[in-house]
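Please consult the sequence and the structure while reading.

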Amino acid sequence: MSLLLVDVGSTFTKAALIDEEGGLLARGAVPTTVGPDRDVLDGVLQVCRGLAVESGVPVPDPLDGNRDRMLVCSSAGGGLRLAVVGYERVVTAEAGHRVGLSAGAKVVHVAAGPLRTADVAALRAARPDVILLVGGTDGGNAEVLLHNARRLATSRVGAPVVVAGNVEAQQQVAAELAATGRRTTLTDNVLPRIGVVHPGPARRAIREVFLEHVIGGKGLSRGPRFAQLVRAATPDAVLAGVEVLAEVAGGDVMVIDIGGATTDVYSVLTPQGEDASLRKQVVATLWHARTVEGDLGMRWGAPGVLEAALAERLTDPTSALSSWVERVHADPGLLPTTPEDAGHDVTLAALAARVAARRHGRPGAPGEAPRPLADVGVLIGSGGVLRHATSQDADRILAGVLTDHGGGWRPPAQARTTVDTSYLLFAAGLLVDRHPDLARAVAAQILDS
C-alpha cells in the first residue's frame, strides 16, 4: 500500500510516493498547470504518471475520489493571503501577525486600532483571502474589537473572518458580522493574557477557512475535485513537518527555505530556564515560528537580496553579482551555464539565507530579546538552489548562517547542517495528523540525508 504526497506550488507541482513504512519509493516534479484554459489537476496527473513509471508500483489516482491514500497541500494561485485586524500594533495585532505566519499565510495587511474609512480602503486594496480579527485579552477591553467588527460587517471586503480576540465579546462580534451575512469562524483568543501567545486554535481555524472558502475560489480547477483533495496551505504543512523533525531530532530545529520569490525561515524551539515559566515580553516569543521574507529570492526576489545585502554590508556594491541579479530577474527561468554563473547563484543563495536568518533571529521590537536560536541542534536547508547544489556549495550557503556573529542575533552555536534533498518536509507535515508514525519515519530520512 503506497501513499502519495503532493505539493502544488505556484511554479512546480512536486510529489513523493512512500511505502507503508515511510520509505521513499519515488519523487518527481512538473510545472504547475495554472492559467487560462488550464486545470491544476493536469499537472497532478502528469506527476502521478511519472511516479508510476519510476517506482513500478500502483500510484493513487487523483480522480477516483479516494482521499485516504493521497494527501495534497497547495500554494498555487498565490497561496493564502491573510489580513490581520487588531487592537494595538505592539500587542494583539503583532500577536495575530505572528500566528498568521505560523498558519502558512502570506500576511498582506496589518491594521491596528479602530478602523477608519481609509483603513478599510487599505484593507480592501490588499485583497485578503481571510481576515483574522483579534483584539483584547480575555476579559479585557472589547470596545475596539466590536468597533472593528461593525466596520467589517458594513465594508465591501468580502473575505471570511476568523475571530480570535477577547472570548467574552465574541458572541457580540459574531452577531455584528452575521447581521450582514459575513462568513465567520470563532476560535480561542490568540492573546488570552499579556505575554502569552496561543496560536494553535487560530492556526487550525485559518486552515479550515482556507480549505472551505479559499482554495476552491482561485479558479485553479474546473470542478470541485482539487479543492476536495487539498488538506493544507503548503507553508502550514512545512511548519508541521519541522515540528515532527524537532520531535525526531530531540531538540531545537531551524529550516531555511530559499525560493525564487521568497525565503522562509522556520524554527521549532523548546523554552528553557526562565523562558519556560516567565513571559517577559508584551507579546511572547512564538516557539514554533515561521517568517517570510518577500523581498528575498533567487529569481523574482533577486534584486531584494542584493539590496538587503548591501544595506547589511555583506557584499560589495561593485560586485559582478549585480549583473547576474539583473539577468535572473529579467529571466526567472535562467539557469547557470558556466562555473562563474554557478558561483554567483551560490553567492546569491548564501546572502539570502544570511539576511533571512538575521531577520528571523533579531528582536521583533525594541526592548525584546533576540529569538533564542543558540541551542538549535540541526540547521536544514531547503529550496531548489540547495537541492541541486553540490555538497560543498550547500555547506558554504549554510555555514554563512552559523558563523554570522555580527548580525544582531545569536546564531546556533553547535548545529549540524543537512539539506532536504528529496523535498520531504511537506510530506512529513501532511502525514502527521493521520499517520504520525509514517511522519516520523519520513522526518528521520531528512535528518539522515
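Two strands pair if DSSP finds at least two bridges between them; strands (E, at least two residues) and helices (H or I, at least four) are DSSP runs, numbered from the N terminus. The model is predicted, so local features need pLDDT of at least 70 and side-chain atom pairs count only at pLDDT 80 or more, while totals for chains, interfaces and linings use all residues. Residues are numbered from 1 along each chain as its sequence is written, and side-chain values use heavy atoms, without hydrogens and water.

**The sheet**
- Strand 8 (residues 161-163) and strand 9 pair in the parallel sense over 3 bridges, and V162 stands opposite T185 in strand 9.
- These strands belong to an open sheet of 5 strands in the order 6-5-7-8-9, with parallel pairing.
- Strand 6 (105-112) and strand 9 (184-186) stand at the edges with a single partner strand each, so one side of each lacks a neighbour in the sheet.

**The helices**
- Just after helix 9, R313 takes a positive phi of about 60°.
- The axes of helix 10 and helix 11 (lines fitted to C-alpha atoms over the stretch in contact, with angles from 0 to 180 degrees between N-to-C directions) come within 10 Å and cross at roughly 90°.
- Helix 10 and helix 11 are therefore roughly perpendicular (65 to 115 degrees) to each other.
- Among the residues making this contact are W324 of helix 10 and H344 of helix 11.

Methods: Parallel < 35°, antiparallel > 145°, perpendicular 65-115°, else oblique. Contact = heavy atoms within 4.5 Å.
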